[in-house]
Amino acid sequence: MKAEVSSSTQFASICAAGRTVAFFDLDHTLLDCDSGSAWLKLEFLSGQISLANTVWAVFVIIRYRLGFVLDRETMQGILGAAGEGYFGRDAEELAQKTGRWFSEEMGQRIRPGALKAIEWHRAQGDVCIIATATSQFIAHEAVKTFGFDGLIASELEVKDGILTGKFTTIAYGDYKCDSVRKWAKGNNIDLTKCTFYTDSMSDSSLMELVGCPIAVNPDRKLMEYAKEKEWDIVDW
């Protein structure tokens with residue numbers, strides 16, 4: 001994996017023919033688990049993340065799974081603290097570590113229904129993109145493992161092959177919506193003709209933006225909201 005891999009990769013060439021896009025959230029949508037929690041455990045056990053930051057992260061993950069949407073200021077603070085744990089680390093070494101971990105722990109965790117949805121979109125000639133709040137390192141492995149065309153993810157800044165400890169992009173909640181909107185504009189994509197699959201209420205703003213929003217095994221709040229909106233709800 002190239003350490004400089006970025007979610008800002010352009011796909012104008014594959015979208016030029018007017019193909020539509022299917023966006024997929026990663027955790028609890030494509031996967032039947034939270035890759036961030038699993039990665040957090042690995043980092044804590046290997047001494048890369050402090051106990052204090054681990055406890056804080058677990059608290060945030062629990063709130064996320066309960067359907068509580070974090071505001072921008074709170075999310076910036078959380079990711080700022082999380083990013084500090086990556087300061088000074090070698091990006092290529094992190095990429096290799098992530099690749100080994102994803103292959104061993106996450107490669108078999110894709111939901112059966114996700115595989116069928118990907119296959120269906122491929123048959124339609126759609127472009128398939130992962131849109132996730134997780135880092136570009138984990139997202140890149142999901143793209144490679146499951147055969148996606150690209151990714152939109154939270155990005156840790158890399159300078160001269162070394163992580164600075166800062167996030168240059170946050171792809172959570174409204175931030176994810178902004179990132180997808182920017183990506184679509186740069187690639188001449190009409191989002192009203194696109195599909196988005198997610199499990200989380202935090203993605204409701206992006207669901208509002210696309211033409212075909214689909215709630216996948218949704219959290220309680222998204223379940224209620226999807227029913228109110230008469231969106232499709234599926235069990236993968």
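Me: Okay, looking at β6, helix α11 and β7: what kind of unit do they make, and which hand does it have?
Reply: Together, β6, helix α11 (residues 220-229) and β7 form a β-α-β unit, and that unit is right-handed. Keep in mind that this is a predicted model.

Me: How many bridges join β6 to β7?
Reply: Three, and the two strands run parallel. β7 covers residues 232-234. For a pair to look at, Ile 214 has Asp 232 in β7 as its bridge partner.

Me: And β5, how does that pair with β6, parallel or antiparallel?
Reply: Parallel, over four bridges, with β5 spanning residues 195-198.

Me: Is β6 mostly covered or mostly open?
Reply: Mostly covered. β6 runs over residues 212-216, and four of its five residues are buried.

Me: Switching to the inside. Which residues touch the most other members of the largest nonpolar core?
Reply: Phe 24, Leu 30 and Phe 148, out of 27 residues in that core. Several elements each supply at least two residues to this core, including β1 (21-24), α2 (26-30), β3 (150-159) and β6. The top contributor is α8, which gives five residues.

Me: What does Leu 30 touch?
Reply: Leaving out residues up to four places away in sequence, its contacts include Phe 24, Arg 109, Ile 110, Ala 114, Ile 118, Ile 130 and Phe 148.

Me: What about the second core, how many residues does that have?
Reply: The second, separate core has 22 residues, and among them are Val 180, Cys 194, Ala 215 and Leu 222.

Me: Rings next. How many aromatic pairs are there?
Reply: The structure holds eight. Take Phe 24 and Trp 236: their ring centres are 6.4 Å apart and the planes sit at 35°, so this pair is tilted. The pair links distant parts of the chain, since Phe 24 is in strand β1 and Trp 236 is in the segment after β7, 212 residues apart.

Me: Are those two buried or exposed?
Reply: Phe 24 and Trp 236 are both buried. They also belong to a cluster linked by ring pairs, together with Phe 148 and Tyr 197.

Me: Why do Trp 101 and Phe 102 count as edge-to-face?
Reply: Because their planes are at 75°, and over 60 degrees counts as edge-to-face. The ring centres of Trp 101 and Phe 102 are 6.0 Å apart. Trp 101 is buried at 6% relative accessible area, and Phe 102 is buried at 0%.

Me: Where are Cys 33 and Cys 128, then, buried or exposed?
Reply: Cys 33 is buried, with a relative accessible area of 9%. Cys 128 is buried too, at 0%.

Me: Last one: which helix is Thr 145 in?
Reply: Thr 145 is in helix α8. Its relative accessibility is 39%, so Thr 145 counts as partly exposed.

Me: What does Thr 145 touch?
Reply: Phe 102 and Gly 107, not counting residues up to four places away in sequence. Then there's Gln 108, 37 residues from Thr 145 along the chain: the C-alpha atoms of these two are separated by 9.8 Å.

How values were computed
Residues are numbered from 1 along each chain as its sequence is written. This is a predicted model: local features need pLDDT of at least 70, side-chain atom pairs count only at pLDDT 80 or more; totals for chains, interfaces and linings use all residues. Side-chain values use heavy atoms; hydrogens and water are left out. Buried means under 20% relative accessible area, exposed over 50%, partly exposed in between (1.4 Å probe, protein chains only). Two strands pair if DSSP finds at least two bridges between them. A crossover is right-handed if, with the strands pointing away from the viewer, the path from the first strand over the helix to the second runs clockwise. A nonpolar core is a set of buried Ala, Val, Leu, Ile, Met, Phe, Trp, Tyr and Cys residues joined through side-chain atoms within 4.5 Å. Contact means heavy atoms within 4.5 Å. Rings of Phe, Tyr and Trp (its six-membered ring) pair if their centres lie within 6.5 Å; planes under 30 degrees apart count as stacked, over 60 as edge-to-face and the rest as tilted.
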